[in-house]
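Work through the exercises below with the model open beside you. Try each task before you read its solution.

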Amino acid sequence: MLNNKSILITGGTGSFGQLYVKTILENYSPSRLIILSRDELKQYEMQQTFNDPCMRYFIGDVRDAERLMQAFQDVDYVIHAAALKQVPAAEYNPMECIKTNINGAENVIKAAIANNVKKVIALSTDKAASPINLYGATKLASDKLFVAANNMVGKADTRFAVVRYGNVVGSRGSVVPFFQSLIAKGEKTLPITHPEMTRFWITLQGGVDFVLKNFARMQGGEIFVPKIPSIRITDLAEAYGPGLDHTVVGIRPGEKLHEIMCPGDDSHHTIEFDDHFVITPSIIFFDKDMDYSQNVIGERGTFVPMGFEYHSGNNPEFLSVEQIRLVGEGKA
């Protein structure tokens, strides 16, 4: 599907973008693979590893609509990964988060339509479901924009979808590198926010593979949610610092005790497949008649019961301490 295609990743120097590029180069032969991001140093460092002839590095910000119009020329597929993601930072810098996550989403949509991009997948987060923090609220707004964009294209072929998943094992700014840095310094206690806190847990490779699969699955308008395990924060601390004491430091501004990926209020729009859920559009696409219970590659799903909620605290699958350790070591 991606052979001889031009692919662009916004925010491509991040953890996701780097592994996505590695995966694409190992499995496909794109004509161009474009990294668009703001940080020239990160691009320079990434070029030392990824310098295939198809690679292109563009300095640009999703806030800059004109730059996106230029960058999206002759592009077939876009992965929109650029975002301001830190929950406390968004609480203290709300307008900056809005400019990137909402206004930036609008710019991506307009540039994709204007340049006849075939497919766009925007990365979302579990925090966009029933949000209580600004980051989650901006990503919910972004999700709504990308779903509604399928109505804006008219008879054009551009299609938009969203991928929503939970915490990524070891991604930059996440708790695992923080724990590891404390342990390396010889700390004897690890700070945890709340002893009952749970999170969805996905490997970075799992996230990359899920996005790739959904380019094949998508019709346009879907929010794709993978079925992934949950972890308890106390088990995570034990996995990385066995035997260390824990200090409860309290829930940070904008944090939840548990995360949700499919809210109960969306249950009448939610279809369950073997390894994922699809939240279908709540709006009607006037010129499109789509049966989301069967996707493009022939997988079939059924609507969940009314009131169903995919919740990290009552998820049927939890990782044990040993499983968390093995996942972190890349052995599971």
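A cavity is a set of points, on a 1 Å grid over the protein atoms alone, where a 1.4 Å probe fits but cannot get out; a pocket is an open set with protein on both sides within 12 Å along at least five of seven lines; lining residues have an atom within 4 Å of a point. Grid points are joined across faces, edges and corners, and a volume is the space filled by probe spheres set on the points. This is a predicted model, in which local features need pLDDT of at least 70, side-chain atom pairs count only at pLDDT 80 or more, and totals for chains, interfaces and linings use all residues. Residues are numbered from 1 along each chain as its sequence is written, and side-chain values use heavy atoms, with hydrogens and water left out.

**Exercise 1. The cavity**

Task: find how much space lies in the largest cavity, and list its lining.

Solution. 
- Step 1. The structure holds one cavity of 30 Å³ or more.
- Step 2. The space in the largest cavity is about 40 Å³.
- Step 3. Its lining is made of R217, Q219, E222, F224, F273, H276, V278, Y292 and N295.
- Step 4. Sort by class: Ala, Val, Leu, Ile, Met, Phe, Trp, Tyr, Cys and Pro count as nonpolar, Asp, Glu, Lys and Arg as charged, and the others, Gly among them, as polar. The lining of the largest cavity then divides into four nonpolar, three polar and two charged residues.

**Exercise 2. Strand β15 and its partners**

Task: state which way the residues of β15 point, then find how β10 and β14 join β15.

Solution. 
- Step 1. Helices (H or I, at least four residues) and strands (E, at least two) are DSSP runs, numbered from the N terminus. Two strands pair if DSSP finds at least two bridges between them. Buried means under 20% relative accessible area, exposed over 50%, partly exposed in between (1.4 Å probe, protein chains only).
- Step 2. In a regular strand the side chains alternate between the two faces of the sheet.
- Step 3. β15 covers residues 276–279. H276 and V278 point one way, F277 and I279 the other, and all are buried.
- Step 4. β10 (residues 223–226) runs antiparallel to β15, with four bridges between them. F224 lies opposite V278, and P226 lies opposite H276.
- Step 5. β14 (residues 270–272) also runs antiparallel to β15, joined by three bridges. E272 has F277 as its bridge partner. β14 and β15 form a hairpin, with three residues between them.

**Exercise 3. Strand β10**

Task: are the residues on the two faces of β10 buried or exposed? Which sense of pairing links β6 and β10?

Solution. 
- Step 1. I223 and V225 are on one side of β10, F224 and P226 on the other. All four are buried.
- Step 2. β6 (residues 159–163) pairs with β10 in the parallel sense, over two bridges.
- Step 3. V163 stands opposite F224.

**Exercise 4. Helix α7**

Task: why do the buried residues of α7 line one face of the helix?

Solution. 
- Step 1. α7 covers residues 175–184, and V176, F179 and L182 are buried there.
- Step 2. Look down the axis of α7: the buried residues fall within an arc of 125°, so they line one face. The arc is that of the directions from the helix axis to the C-beta atoms.
- Step 3. Their cover includes β8 (189–192), β9 (198–202) and α9 (233–240). Contact here means heavy atoms within 4.5 Å.
- Step 4. Just after α7, G186 takes a positive phi of about 90°.

**Exercise 5. Two loop residues**

Task: D76 and V296 both sit in loops. Is D76 buried or exposed? Is V296 buried or exposed?

Solution. 
- Step 1. D76 lies in the loop between α3 (65–71) and β4 (77–80). Its relative accessibility is 13%, so D76 counts as buried.
- Step 2. Leaving aside neighbours within four places in sequence, D76 is in contact with K5, S6, V117, K118 and K119.
- Step 3. V296 lies in the loop between β15 and β16 (302–303). Its relative accessibility is 52%, so V296 counts as exposed.
- Step 4. With neighbours within four places in sequence left aside, V296 is in contact with A216, R217, M218 and Q219.
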